[in-house]
Amino acid sequence: MHEIRVSSPEAGHCVIEASGELDMTATGELSAAVRVVDRQQATWIVVDLDAVTLIDSSAVKELVDAHHAAAGQGQILIVRNPQPIVARVLRVTGVAPLLGIAPKDHTGTVYGGRPDNGDHG
């Protein structure tokens, strides 16, 4: 079961919130949400995946297609707040950089982060 909601645009951006399992049963809904945002003239489209518990290849493809469709309209689509398992799927499939998700280094920290070395003085 899943749900996709679109917020009203604020300050040039709009948030698409998804929840539940994004699999082949959700095919078309994300694209429809992006089309709604297109009509609202938001510059930034933020897809919030905080409440998504599973994502499969059909939903990954839809995110990539939505990103390209938004770019064709002069908009920027990014993904925010993916759960660890969702972020892993996006990284393994190679689409994380396209969707604005930072890669992780071998220590598991986000590049550019400063791992705590215990020296606080």
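I take contact to mean heavy atoms within 4.5 Å.

**Basis.** I worked from a predicted model, in which local features need pLDDT of at least 70, side-chain atom pairs count only at pLDDT 80 or more, and totals for chains, interfaces and linings use all residues. Residues are numbered from 1 along each chain as its sequence is written, and side-chain values use heavy atoms, with hydrogens and water left out.

**Entry on L90.** I looked up the contacts of L90, not counting residues up to four places away in sequence, and found L49, I55, V60, L63, V79, V95, A96, L99 and I101.

**Entry on the core.** A nonpolar core is a set of buried (under 20% relative accessible area, 1.4 Å probe, protein chains only) Ala, Val, Leu, Ile, Met, Phe, Trp, Tyr and Cys residues joined through side-chain atoms within 4.5 Å. I found 29 residues in the largest one, where V47, L49, L63 and L90 have the most contacts inside it. Elements giving two or more residues include β3 (44-55), α2 (57-72) and α3 (84-92). The largest share, six residues, comes from α2.

**Entry on the sheet.** Strands (E, at least two residues) and helices (H or I, at least four) are DSSP runs, numbered from the N terminus; two strands pair if DSSP finds at least two bridges between them. I traced an open, mixed sheet of four strands in the order β1-β2-β3-β4. β1 (2-6) and β4 are the edges with a single partner strand each, so one side of each lacks a neighbour in the sheet. I noted five bridges in the parallel pairing of β3 and β4. I45 stands opposite L77 in β4.

Technical notes: Buried means under 20% relative accessible area, exposed over 50%, partly exposed in between (1.4 Å probe, protein chains only).
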